[in-house]
Amino acid sequence: MRIVSGIQPTGNLHLGNYLGAIRNWVAMQDQVSAGGGQCLYFLADLHAISMPHVPAQLSANTREMVAALVACGIDPDRSILFNQSQVPQHAELQWLLNGTARMGWLNRMTQWKDKAGKNREGQSVALFTYPVLQAADVLLYQATHVPVGEDQKQHLELARDIAQKFNNDFCTEDAPLFTLPEPYIPPEAARIMSLRDGTAKMSKSDPSDMSRINMTDDADAIMQKVKKAKTDPEPLPSEAAGLEGRAEARNLVAIYAVMAGTTVDAVLADFGGQGFGAFKPRLGELLAETLAPINERFVALREDNAALDAILRAGSEKARALAVPTLNATYAALGLVR
């Protein structure tokens, strides 16, 4: 099994990022490497330039994301951790696959429609061809599996369509060039909501810092934010059905369950009938205790640019070694003289 997955380098990482994606990556690394497989995790910095961005911020965010991944448990010795722009084969393969991808396929992409909105003429070409780069990201490494949530299923289907058409057009039936990757459905990622509004996702763009638990928050800051988190005056119910219509209460109980590795019903069995005055300090303690070693390593690593750059260089070198044979075979299949 060879798993390939990418993540956009965004700054101001918070609890939602950790529980939503990063923790699943760590679990995959442990499971796949134990079975003799391989995980490639990359920072999608080439994807980031499909939208307006600040160059200095992109550099800083890329390094910060590496620090977060390593602090959370991604081991550069067991997984290949790198950024796209240090592996030029991603961009090269995208161009070669542009000859196979079809305009109609890309026009149907839901993400293109959502991000472009009504101003399609004003969007970058990169935003339109983004899915072809995503296909190149996984086909380049002959990935057998790609982790997908609901919002990425369409992009994996496109990658398979491009691979199948290329194999049909330029390869013999008994010697296809590209592996058709299968979806890998990780355990359902926790959907963490704002501490100020239980109907909105926890987000770095929220102007209130009290709405989120940041990866850089110390124990005192975590406890303060949890104690001030929005709730309602009712005590906690004894079963999950009682959280219906209580978005903030449901969010805090869900966070406790995920951090404790248990279920919402199990949490309510312990706290049912109690008020938030009793529950919040216990949640704050659990968060502070669990996140303390991650926070400590993250804060130290994010200040060490030399160490972060060395991790990316080493990972990129391993990735290039895996990428070159596929890229060379693609040039040859297309009849390009090099």
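**Note on salt bridges and a helix crossing in a predicted model**

1. Lys225 and Asp217 are joined by a salt bridge, in which the closest N and O atoms are 2.8 Å apart. The structure is a predicted model. Both partners lie under the 20% cut-off for burial: Lys225 is buried, with a relative accessible area of 3%, and Asp217 is buried, with a relative accessible area of 10%.

2. This pair belongs to a wider arrangement. A salt bridge is also formed by the side chains of Arg302 and Glu303, at 4.0 Å from N to O. Arg302 counts as partly exposed at 30% relative accessibility, whereas Glu303 is exposed, with a relative accessible area of 60%.

3. Asp232 is partly exposed, with a relative accessible area of 21%. Arg246 counts as buried because its relative accessibility is 12%, and the cut-off for burial is under 20%.

4. How many salt bridges does a search of the whole structure find? The search finds 12.

5. The next point concerns helix packing. Two packed helices are described by the angle between their axes and the distance between the axes. For helix 4 (residues 89–98) and helix 7 (residues 125–139), the axes come within 8 Å and cross at roughly 115 degrees. The crossing of helix 4 and helix 7 is right-handed. On the side of helix 4, the contact is made by His90, Ala91, Leu93, Gln94, Leu97 and Asn98; helix 7 contributes Thr129, Val132, Leu133, Ala136, Asp137 and Leu139. By class, seven residues of this contact are nonpolar, four are polar and one is charged.

6. Arg102 is located in the loop between helix 4 and helix 5 (103–107). Is Arg102 buried or partly exposed? Its relative accessible area is 38%, and Arg102 is therefore partly exposed. A polar atom of the Arg102 side chain lies 3.2 Å from the backbone oxygen of Thr100. The C-alpha atoms of Arg102 and Ile49 are separated by 22 Å, and these residues are 53 residues apart along the chain.

Key:
Residues numbered from 1 in each chain as written. Predicted model: local features only at pLDDT ≥ 70, side-chain atom pairs only at ≥ 80, totals over all residues. Heavy atoms only, no water. Axes fitted to C-alpha atoms, helices over the stretch in contact; angles between N-to-C directions. Helix = DSSP H or I, 4+ residues; strand = E, 2+ residues; numbered from the N terminus. Left-handed = near helix turned anticlockwise from the far one by under 90°. Contact = heavy atoms within 4.5 Å. Nonpolar A, V, L, I, M, F, W, Y, C, P; charged D, E, K, R; others polar. Buried < 20%, exposed > 50% of the residue type's maximum accessible area, 1.4 Å probe, protein only. Polar contact = N/O pair within 3.5 Å; in protein donor to acceptor, adjacent residues only side chain to side chain.
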